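Thank you all for coming. I would like to walk you through one model this morning, beginning with a single residue and then widening the view.

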Amino acid sequence: MATTRARTPAGVMALLFLLGGVACGGAADDGANGSNGATGGDAEAELTAFQVEHGIGPITEIVELGDLDPEMAEAGEAVFTTKCSACHKLAERYVGPPLGDATTQRSATYIMNMILNPKEMYERHPEAKALLAEYLSFMPDQNVTPEEARAVVEYLRTAADGSD
Amino acid sequence: MTRSTRFVSGVLTGLLGAVALVWVGCGGSTVGGTGDAASAVYVPPGEYDEFYFFTSGGFSGQLGVYGLPSGRLFRQVPVFSQWAENGWGYNEETKAMLETSYGFVPWGDSHHPELSQTDGLVDGRWIFINENNTPRIARIDLSTFETVEIIEIPNSAGNHASPFVTQNTEYTVAATRFSVPTPQADVSIDSYAEEFSGMLSFVKVDDNGRMNLAFQILVPGYNYDLSHSGKGPSHGWSFFTSYNSEQANTLLEVNASQNDKDYIAAVNWMRAEECVAADQGETWQSTYRHNYFNDAHIAVSDQMTNVTVVTPATCEGMVYFLPTPKSPHGVDVDPTGTLIVGGGKLATVIPVHSFDKMLQAIEGEDFIGEVDGIPILRYESIVAGEVENPGLGPLHTEFDGQGYAYTSAFISSEIVKWSLETFEVVDRIPAYYSIGHLSIPGGDTREPWGKYVVALNKTTKDRYLPTGPELTHSAQLIDITGDKMRLLLDFPTVGEPHYAQALAASLIVDQQVQIYPLDENHHPYAALSEADARVERDGRNVHVYMTTIRTHFMPDNIEGLQVGDSVFFHVTNLEQDWDVPHGFAVTGANTSELLVMPGETRTLVWVPTRVGVYPFYCTDFCSALHQEMQGYARVSPRGSNVPIAYNTP
C-alpha cells in the first residue's frame, strides 16, 4: 500500500500529459489511486478469460458454491452491515448498485475480487469501469478478508433466494 | 492595490517560470554552484527519505516530523497545544490530554524529542517530548504518530532537563530548571537560598510505554538544565547539568555567572531504586495529572496524589556533583559510555569527564566538599581532557560513532568537530545563525548513523524570503561523511526546534497503522453501521450517532434541536481504507472541526444560539462527490414542540 500511495495521482498525471508530455522517465507509473479519474485502456487488453469472468484480484481459483450455509450467511450479514450497508441496499439503488441479485449476475469469485481489490478492478475490468461510469463513486477498499468476502457472498445468496 | 496587483502578476510570472522549469528540468542538471549538494539532498518525487527527523515545536508546543535528507515537512504532531487542524484538545476525546493540576492548559512549550531505546539503540517504539512551562512529559506512538499519554511532573518548575531516557527506556527523566519552594509555599523570594529546591524526577516506563512517576530526588536550589543517561559501562547512571550554584534569584545573567564552576549531578538511579525499595524515601502529598487513552481511544485524566521523594542525605551513594566550568548547558555521553561531555556555556574549554575516573574518585572519596549530603568530586581527578579553542558558548555535543564529537557553539555560531581520542578540534563549520542544539541521527546512542549533523538555529535573519517582523527558525543539514563538514541544505522549521532526533525510516515504515478496525471500535457513542445511526434527546443534551463514508453522512437531516441544547455530534468514519479521513464542521460551533480517521469516532459539541437551519459538511476533501457531502440541522426555539426527527437509510 505504501508504494501505491507514493505514486502520482492519475488526475495529476493526466494534467501533466495535457501540459505536453513532460515525463522524463519514472512517469510511466500506473497512476493507481482510488480517488482519481479513470485510467487508460491499455491494461484491459491483457485480461485473461478467467479475469473477464471472475475478476482481477487475490481469488485466482473458481470458488464453488455448495449448499447454502446459514451460519456463514449470518457472519456475512454482520460484515455487510458494518462495511457495505452505508452504500449498498439489496433491492434499490443507493450510493452503489443494489446487490439483491448480485450472485445471479456475477460469479462468487468475481464478487469477492471486486470486494477485495476494487482499485485494480476499476482500472482494468470493463464491467467495473462501466459501473463507475454509471455511479461516479468509487467503492472503497474496506479491508475485508477473503473469508469475510466469501461470507458476504453467502449472505447475498440468501437475498437472491428471496429470503430477505 | 498596487501591492496586490504586483503580487498577482508575480504569481503568474512564477507559474510561467515553474512551467518553464518543468520543460527544461529533465537533464539532471545542477543548480548554480552547489549542484553536488543539490543531488545529495534530492529525493525524487514518489521516493522516500532515508531518515525521519523529529523536531521540537518549541513554543508551538508540538512535534515536527521531517524527512532527511530532503528537509520536507510531513506532519506536525499535536502534543501540548490545541490543534484546530484535527481537533486535538478541542474534541471530546482529546480534551483530557491537556488537563493538568492547574486545570485545562491549551498551550505548552515543547523542548526535547527523545526516541525510546533498547540496549542503547533507537528501537522505533515511541518518542517522548517534554513541556517546560507546566512540567509534563508526553509519549507519542510511532505507529500512529499520535500523542497517547501525558504525565505531569509535580514539585518541579521549568521542566527543561527532560525527557532523556535510560539505555532500555527503564526511565524517562525530568528536572527543575527554575528552583522553587518545594513543596510550594508562600515565602519571600529573597529566601531563595534557604527555601528553594530542585527536583530530579524519574518516570518509569513499562513495556507498553505506560509512564509512572517512580520517585523524585530533592536537590539544592540550582537550575537543572539538561540531562543524558549513561550507557554500556555507565548504564545505571544519569547526568544532569546545573547552573546558578550562586543561588541568585534576580538578574541571573549576571548573578548566576559568578562561579568558575557549577555542577553536573551524577545520579546512580539503581542506588535510588534500592533506597526506595528499602523505604528510605518519604511519601509526599502532591497532586498531578496522568492522561492517557483508554480502550475506547478516549483520553482520560487521572488525578494522582502521592509521590516518593528521596533525599541524598538519606541515600548515600545516590548523587555526586562533578564540578564543571562554567554554567554548563548540555551534558552528553559518548557512544562507548565512558566520556561525559559538558557544554560549558560560558567556559573557554569543553570539559570532558571520565566515567572511570569518576568511579575511582568516588571509591577513594576524593571529595572537595559537600552540599546537602551530596559529595563534590575533585575536578582534576575526574576530567579526561579539555577541548581547547572550542568556539564561544559551547552548548551541546553529539557523536558520529567514528571517534568524533560535534559540539554546537552558540555565540560564535558554528559546529566544532573534535577527536574523542586527542580532544583536539579537527574541523569547524559556520551555522546560520545562532545554533542551539545539533542532531546526528542516533547521535546520543551507542551506534549513531554518522552521516549527517543538523544544526538547529535560533535566528535566520537574511536567509529566507522575509515575512515581516517574525521570521522562521531553521535547520541546516551538514554532511559529515568526509574529513571536512559540508553544508548541504537549509530548511525552515516550525516554532523553535530546540532539539531534534532522527532514526532510519526503515525502522518504523512497516509498522505504520493505516486504519482503526471498526470491530475494535469500543467508543460508547459509535455508530458502527448506518442502521445504528440515530438522534437521541437526553434533557438538554442531544446525541447524534452519525456515520460517514464516501460520500454522505447518516443522518444528514436532523430536526428537533433547540436553541441552547448541547448537541453532541459523535461521528464514526466507516471507511476502512488508508488515507480517507472525513471532516465535520457546523456553522457557528465554538470549537474546531473534527477530523476522523478511518474506523474512529470523534465528537464535536455544538451549542446552537440562533433559530434556523444550519448546514454541516465534510471539511476534508474525500472523493469526487465531496462537495455533495453535507447535511442540515434545524434549530427551533427553546421549548418548541418540533420533535426530534432524522432521516434513515
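Let me start with a question: is Phe178(B) buried, partly exposed or exposed? Phe178(B) counts as partly exposed, because it has 19 C-beta neighbours inside 10 Å; the rule here is that a residue is buried if 20 or more other C-beta atoms lie within 10 Å of its own, exposed if 12 or fewer, and partly exposed in between, with C-beta atoms placed from the backbone.

Residues are numbered from 1 along each chain as its sequence is written, while chains are lettered from A and ligands numbered from 1 in the order in which they are written.

Coming back to Phe178(B), you will find it in the loop between β10 (171–175) and β11 (180–181) of chain B, where helices (H or I, at least four residues) and strands (E, at least two) are DSSP runs, numbered from the N terminus. Leaving aside neighbours within four places in sequence, Phe178(B) is in contact with Ala157(B), Gly158(B) and Asn223(B), contact meaning that the two C-beta atoms, placed from the backbone, lie within 7 Å. Phe178(B) and Ser197(B) are 19 residues apart in sequence, and their C-alpha atoms are 8.9 Å apart in space.

Now to chain B as a whole, which has seven helices and 45 strands. Its radius of gyration is 27 Å, close to the 26 Å that the globule rule gives for 649 residues, so chain B is as compact as a globular protein of that length; the radius is taken over C-alpha atoms, and the rule is 2.2 Å times the number of residues to the power 0.38. The C-alpha atoms of chain B fill a box of roughly 85 × 70 × 45 Å along the principal axes, and buried residues make up 51% of the 649 residues. Among contacts in chain B between residues at least 6 apart in sequence, 61% join residues at least 24 apart.

One is an open sheet of four strands in the order β26-β27-β28-β29, with antiparallel pairing, two strands being paired if DSSP finds at least two bridges between them. At its edges stand β26 (394–399) and β29 (425–430) of chain B, each with a single partner strand, so one side of each is left without a neighbour in the sheet. Neighbouring strands are turned by 25 degrees against each other on average, direction ignored; axes are lines fitted to C-alpha atoms, for helices over the stretch in contact, and angles run from 0 to 180 degrees between N-to-C directions. Four bridges join β26(B) to the antiparallel β27 (404–409) of chain B, and Pro394(B) stands opposite Ala409(B) in β27(B).

The other open sheet has four strands in the order β20-β21-β22-β25 of chain B, again with antiparallel pairing. Five bridges join β22 (349–354) to β25 in chain B, with Val352(B) opposite Gly385(B) in β25(B). Across β21 (339–344), β22 and β25 of chain B lies helix α6 (355–363) of chain B, running at about 60 degrees to β22(B).

What of the interior? The largest nonpolar core has 119 residues, of which Leu200(B), Ile217(B), Phe240(B), Ala265(B), Val267(B), Ala272(B) and Ile415(B) touch the most other members; such a core is a set of buried Ala, Val, Leu, Ile, Met, Phe, Trp, Tyr and Cys residues joined through C-beta atoms within 7 Å. Strand β13 (residues 211–220) of chain B gives the most to this core, with six residues. A second, separate core of 66 residues includes Val79(A), Met554(B), Ile558(B) and Phe616(B).

Finally, chain A, whose mean pLDDT (the predictor's confidence in each residue, from 0 to 100) is 78, with 70% of its residues at 70 or more. Confidence in chain A is lowest in helix α1 (residues 2–6), at a mean of 33, and highest in α6(A), at 98. Over residues 1–41 of chain A, pLDDT stays under 50. Where pLDDT is low, the predicted coordinates should not be read in detail.

Helix α6 (residues 108–116) of chain A is mostly covered, with nine of its nine residues buried, and what covers them includes α3 (49–54), α5 (102–105) and α9 (146–160) of chain A. By contrast, Glu134(A), found in helix α8 of chain A, is exposed, with 11 other C-beta atoms within 10 Å.

Technical notes: Predicted model: local features only at pLDDT ≥ 70, side-chain atom pairs only at ≥ 80, totals over all residues.
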